[in-house]
Amino acid sequence: MYKFRTYFCDQIRISLQKAIERSSRHKLKASLLGLLVFAFLWYLFCFPRDIFAGTSYSTVVTDKNGELLGAKIADDGQWRFPPSDTIPDKYKTALIEFEDKYYNWHPGINPVSIVRAAVGNIKAGHVTSGGSTISMQVIRMSRGKERTVFQKVVESILATRLELRYSKKKILALYASHAPYGGNVVGLEAASWRYFGRPSSELSWGEAATLAVLPNSPSSIHLSRNRGKLLEKRNRLLHELCRAGKISEEDCSLACGEPLPGTPLAIPQYAPHLTEWYSKIAKGKESKTSIDVHFQKQVEETVDRWNDEFSLSGINDLAAIVIDVHSGDILAYCGNANPQRKRQGSQVDILRSPRSTGSILKPFLYCAMLQDGDILPYTLVQDTPVNINGFTPQNFDMQFSGAVPAAEALARSLNVPAVHMLRKYGVQKFLELLRKAGMSTMNRSAGDYGLSLILGGGEGTLLDIASMYAKLSEAYQSKDSLDFPLKDKCAIWYTFNALKEVNRPDEIDWRLITSVKKIAWKTGTSYGFRDAWAVGVTPDYAVGVWAGNAQGEGVPGLTGASTAGPVMFDIFNLLPKKDTHNSYANKGWFLEPLYKDYITAEVCHESGHLKGLYCDDIDTLMLPRKAIKSETCPYHKQINGENVFQLPPSMEWYYRQHHPEYKQITETLENDNPMQFIYPDNGSFIYIPRQLDGTIKGVVFNLAHRHPESVVYWHLDNEYLGETKYIHQMTLVPPVGKHTVTVVDAAGNSLSIGFTIVPNRPR
């Protein structure tokens, strides 16, 4: 019984031991399997989505052909251009021959190279070669770890993973974009520009070989140290390429004779303000523009030359832009002239800086009023002294014409007629039109701008305004309905026709010289001589120029015609001639609109209004479609059975001084008043300034009378002041407050106006 128990216990023990052994073997297998699965998953997912994540790159701007316009250094102080997907063949051939001959065949690591490097290091007693493939070097560049045996193993593993994700071509591109080239130069493209002043696609065999060997040891062998060793390495590589049949003996000989580059070159900085702009909106990226670098150079040279001349007169800043009308592309961008010359404001990008517009917006008002039928092309517009709630605009020459055809007022850039036109059109309506046309800086209310909006009371950028002129030209030529508020082709044609009459700064009459380009252009000068504008447009191009001081200092004599104008014409002369031919343009100028684009109507020759009942001299004109709602002639009347042209007294008083052919008619209709105040207007707010000695001389009231020899009696608030004859002027010094002036002539005709004297100039 005892033996049976012992035997039974032994069998149980043996069974348990076997079970434990089987369990241990299963656990070991499970552990090994789990380890293998973990290793596989780690290998599968260890590779980051972007191995160079967090790397900062230079902002690079190129022209339309890919040529470098400018670049801005990366945040870490390195010249490291954004990665490229391609590398030039010469560099690729030289790099593979020098760094990794079996690059196209191995899976990321080359065991033969590693063994060879290990043997060489043992024989030398120190590290002479790492045996790294190009793929392993890409991994090392991305990780930035210290060189150790462990890191070499990690790099080897990650290199095989790199090969699984990217093509051989992509890996070469990653290497070329991140290889160190000494100093603060990283990447092939940056090195090519810094050392050779050209893109990598234009490198010679000698230059490509130099850049292929340079990253091998950039800290010890560099262009500024150990140049002999660098030259020896480069030439050795060239001879290896020759022996391998990659280059001819002649190419090898010529390449070996090339000298090494000297001091690093400056990165090109054409259109530097544009590069600065891209560094804000596309930082660390490469941006391709529509600019042609060769034309950009010509424009910059022109602008810099004029800026050198202007600076002698205290005009330190100058900007220009050229726009292709049909595409809207910017062809040249000069944010400010001579940015390398140290001065306040040289780094200000004038093209994007809001400045007082002066008169540069007048063509858009003229065109808008034509489009809406508020005026006709040659409608007489009042040009007499005006005071509107304290706003007293003056023409540039401080003269008045009484009445001026609207087209002439635009060509002469008269301020007072423009104010009368805006008053009729409406400030709010015009402000909305400007915003729709592309002005991004009109952020205030219409009441804040007031009527001064047409004379520079608002601010605009040269980029916006030049683009608006370009869009106006495109709107005229386009068969489609563009998203632009001025669409009436007849109105636009009359606008361009008026603008081509603006006197040129070179005093050339384009009508007499057929080779001179026709250009519709407009100037503008802001209050205080702070901003000078000139914008011109043809069927193909728009050119905008601004001159002044970026800091806002005024310069006496600074005008758009004398400064910005000549620069604009010089730039137009640089532009290539286009043979644009369409239904609305031919040989560089605008054709008349098509029959479907206008109506015809009879227009009074003298007043420019639609023909009235008593108009005798008539013109038949093509007009915008809404012109039919325009006002009929208000100045032709029938007096004593005769049709006569008679302006209101205040307009007549100035008009006849410039028009000796004007026949003054002393007779009036029964309800016509022969008197009219020239200044001030009814409801004016008047500020009476003190003289330098502190005295107050008062304000001069000016009256026009159809019969100057008539005696006129003056009253202020029912108090008799005196009488005038021939020259009807009276100087008054009313106290602060509301007042009424009444005049009565000998025939009993009377006229009254109310006005307000204010203690301080309205703001």
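Predicted model: local features only at pLDDT ≥ 70, side-chain atom pairs only at ≥ 80, totals over all residues.
View 1. Asp616 belongs to a patch of negative charge on the surface, together with Glu606, Asp617 and Glu661.

**View 2. Glu97 in helix α2.** Helix α2 spans residues 89-99 and includes Glu97. With a relative accessibility of 9%, Glu97 counts as buried, because the cut-off for that class is under 20%. Apart from neighbours within four places in sequence, Glu97 is in contact with Leu237, Glu240, Leu241, Ala244 and Lys246.

**View 3. Ser413, a residue with positive phi.** Most residues other than glycine have a negative phi. Ser413 is not a glycine, yet its phi is positive, at about 55 degrees. Ser413 is found in the loop between α14 (406-411) and α15 (415-425), and its relative accessibility of 17% places it among buried residues.

**View 4. Asn718, a residue with positive phi.** A positive phi of about 70 degrees is found at Asn718, which is not a glycine. Asn718 lies in the loop between β25 (711-716) and β26 (719-725). The residue counts as exposed, at 79% relative accessibility.

**View 5. The peptide bond between Tyr679 and Pro680.** Most peptide bonds are trans. The bond joining Tyr679 and Pro680 is cis, with omega about 0 degrees. Pro680 lies in the loop between β22 (675-679) and β23 (684-687).

Conventions:
Residues numbered from 1 in each chain as written. Heavy atoms only, no water. Patch = residues over 30% accessible without salt bridge, like charges linked within 9 Å, V, L, I, M, F, W, Y side chains within 5 Å. Areas by Shrake-Rupley, 256 points an atom, 1.4 Å probe, with all protein chains shown as cover. Salt bridge = Lys/Arg side-chain N within 4 Å of Asp/Glu carboxyl O. Lys, Arg positive; Asp, Glu negative; His and termini not counted. Charge placed at Lys NZ, Arg CZ, Asp CG, Glu CD. Helix = DSSP H or I, 4+ residues; strand = E, 2+ residues; numbered from the N terminus. Buried < 20%, exposed > 50% of the residue type's maximum accessible area, 1.4 Å probe, protein only. Contact = heavy atoms within 4.5 Å.
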